[in-house]
Amino acid sequence: MLWGAAAVALSIRLLMLGAYPVAETTEARYAEIARKMLELGDWVTPWYDYGVPFWAKPPLSIWLSAGSMKLFGINEFAARLPHFLAGLLALWLLWDWLRRRSPREAQFATVLLAGAALFYGSAGAVMTDMTLALGLLLAMRGFWQGLHGEPALRKQEGHALFVGLAIGLLAKGPIALVLAGLPMAGWTLLNRDWRSVWRGLPWLSGTALMLALALPWYVAAELKTPGFLDYFLVGEHWQRFTVAGWAGDRYGTAHVFPHGSIWLFTLAACLPWPLLLPLLAFGSASVPTAAPTPAEPTWSRYLWCWALTPALFFTFAGNILWTYALPALPALAVLAAGWLARDIRSRRVERLLAGGVLATALLLTATIVWSNTRGTWKTAEPVMRAWQTQRQADAPLLFLGERPYSAAFYSRGQAERVTDDAALTRRLADTDTAYVVMASERVSRLPADLRRTLRDLGTYGRYRLYRYEPKQEERE
């Protein structure tokens with residue numbers, strides 16, 4: 001029953017990947033950067049706009065989306081598919097790890113992770129967080145299995161730790177070393193066994209492997225666009241988290257929340273489980289267990305160090321997003337699975353977990369369908385679709401004010417931005433025909449003489465579409 005419910009939920013997520021437009025700002029931004037990578041054929045430097053390098057993140061997730069679009073075309077499904085597959089791989093890594101310990105715990109943890117709201121939504125969202133979570137999961141698994149796994153596989157698992165860190169370095173950057181290193185160091189400190197950790201893992205060959213996988217891109221990126229390392233390491237990895245409302249962001253705005261908000265974000269990321277699992281506390285009956293083995297307390301401490309690190313680390317950060325909670329979800333799922341596996345009410349537990357993962361799938365699907373039906377999705381896709389149906393060759397497409405990332409994506413880079421009315425007037429003087437798009441609330445501020453030259457073609461979502469049609473005497 002449980003595997004069936006998880007399969008249905010994940011199948012729904014897969015089928016929905018191409019059913020709705022890329023949304024502003026995160027999805028549309030990374031989808032457009034990936035499209036530009038494919039268009040320009042530049043696989044070293046991601047480009048934020050033509051001539052403007054994107055220094056905010058490493059390119060792993062962008063490589064994946066660009067490669068997928070090369071295979072399947074430039075569309076929403078192709079942009080999202082690699083991130084869905086990364087989520088599936090993360091689920092498999094967790095299950096394969098835990099099944100050696102307890103098949104029941106492995107099943108419960110996999111379903112709990114799949115049904116967590118943040119994980120389910122991120123598995124198929126065009127952003128960098130799922131690739132980071134995948135790399136961190138592989139690293140945390142490799143650390144534990146390299147020390148405590150089957151003797152014949154320990155060396156292999158130990159090297160997997162460093163492959164996971166390399167994935168994190170190429171997905172988000174040095175923050176991956178922090179989010180993996182802190183729980184590993186904390187657990188080692190609690191156990192007071194540095195010697196076993198040093199001797200049990202291939203630190204020298206593993207570090208060489210990690211650097212061989214990740215460092216070449218960092219060097220190539222700095223050589224191609226000097227200044228990248230300074231902005232990325234100092235700005236993105238220090239000032240972003242220590243300076244509230246950091247004004248140095250080249251590619252967006254800082255996300256300011258009160259200190260400690262990450263704890264609420266983590267709780268929300270785990271939904272619906274914080275609402276459903278307490279129901280099992282009433283009338284619970286646990287399977288009698290034997291005395292714990294020496295490894296049991298260290299296993300529990302390892303999971304807690306892992307689960308708490310993102311929240312503790314980001315508690316005093318000046319700028320955060322709720323996706324920062326994603327790396328903690330596998331550990332929280334394993335902790336909850338261990339508790340559930342001791343409950344003797346097997347059918348009740350399985351029914352609740354099956355209902356929870358299906359509820360997550362149906363709620364997200366209903367939200368997508370409702371937003372598409374009501375036109376509340378934050379995207380320029382409707383107006384771009386209308387423009388495509390009536391566009392004329394060589395007629396420029398001009399966005400007055402802000403040009404959303406989704407407009408660049410759906411216009412294949414043809415959408416231009418003009419900053420204000422004067423700039424629009426100058427740009428229109430260079431052409432006989434043009435299409436002009438602006439936010440609906442911007443229309444009332446348009447000068448009357450300029451408005452007379454624009455033929456209203458309709459409102460599409462958040463935007464109004466016009467065609468520039470100057471009077472004959474103006475042309476002359």
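Why does glutamate 381 count as buried? Glutamate 381 counts as buried because its relative accessibility is 15%, where buried means under 20% relative accessible area, exposed means over 50%, and partly exposed lies in between, with a 1.4 Å probe and protein chains only. Before going further, please keep in mind that this is a predicted model, in which local features need pLDDT of at least 70 and side-chain atom pairs count only at pLDDT 80 or more, while totals for chains, interfaces and linings use all residues. Residues are numbered from 1 along each chain as its sequence is written, and side-chain values use heavy atoms, with hydrogens and water left out.

The confidence of the model comes next. The quantity pLDDT is the predictor's confidence in each residue, from 0 to 100; its mean over the chain is 90, and 91% of the residues reach 70 or more. Among the elements of the chain, helix α4 (residues 76-98) has the highest mean pLDDT, 98, whereas helix α22 (residues 472-475) has the lowest, 46. Helices here are DSSP runs of H or I with at least four residues, strands are runs of E with at least two, and both are numbered from the N terminus. Over residues 290-294 the pLDDT stays under 50, and the model has 0 contacts beyond four places in sequence for this stretch, a contact being heavy atoms within 4.5 Å. Residues 472-476 also have pLDDT below 50, with 2 contacts in the model beyond near neighbours in sequence. Where pLDDT is low, the predicted coordinates should not be read in detail.

Let us return to glutamate 381, whose side chain meets that of arginine 385 in a salt bridge with an N to O distance of 2.9 Å; the term stands for a side-chain nitrogen of Lys or Arg within 4 Å of a carboxyl oxygen of Asp or Glu. Both residues lie in helix α18 (residues 381-390), 4 residues apart, which is about one turn of the helix. Arginine 385 counts as partly exposed because its relative accessible area is 49%.

In the whole structure, a search finds 21 salt bridges. One of them joins the side chains of arginine 141 and glutamate 157, at 2.9 Å from N to O, and this pair links distant parts of the chain, since arginine 141 lies in helix α7 (residues 129-148) and glutamate 157 in helix α8 (residues 154-171), 16 residues apart. Arginine 141 is buried, at 6% relative accessibility, and glutamate 157 is buried as well, at 5%. These two residues belong to a network of salt bridges that also includes Asp96, Arg99, Arg100 and Glu150.

Another salt bridge is formed by glutamate 402 and arginine 417, with the closest N and O atoms 3.4 Å apart. Glutamate 402 lies in the loop between β3 (397-400) and α19 (405-410), and arginine 417 lies in strand β4 (residues 415-418), so that this pair, 15 residues apart, also links distant parts of the chain. Glutamate 402 is exposed, at 60% relative accessibility, while arginine 417 is partly exposed, at 45%.Strands β3 and β4 run parallel and are joined by 4 bridges, where two strands count as paired if DSSP finds at least two bridges between them. Within this pairing, leucine 398 stands opposite glutamate 416 in β4. In a regular strand the side chains alternate between the two faces of the sheet. Both faces of β3 are covered, with Leu397 and Phe399 buried on one side and Leu398 and Leu400 buried on the other. In helix α19 we find serine 406, which is buried, with a relative accessible area of 0%. Not counting residues up to four places away in sequence, serine 406 touches Val22, Glu24, Ala28, Thr379 and Ala380.

Strand β5 (residues 434-439) pairs with β7 in the antiparallel sense over 6 bridges, and alanine 439 stands opposite tyrosine 463 in β7. Strand β6 (residues 454-460) also runs antiparallel to β7, to which 6 bridges join it; the bridge partner of threonine 459 in β7 is arginine 464. In the hairpin of β6 and β7, which has 2 residues between the strands, glycine 461 takes a positive phi near 65 degrees.
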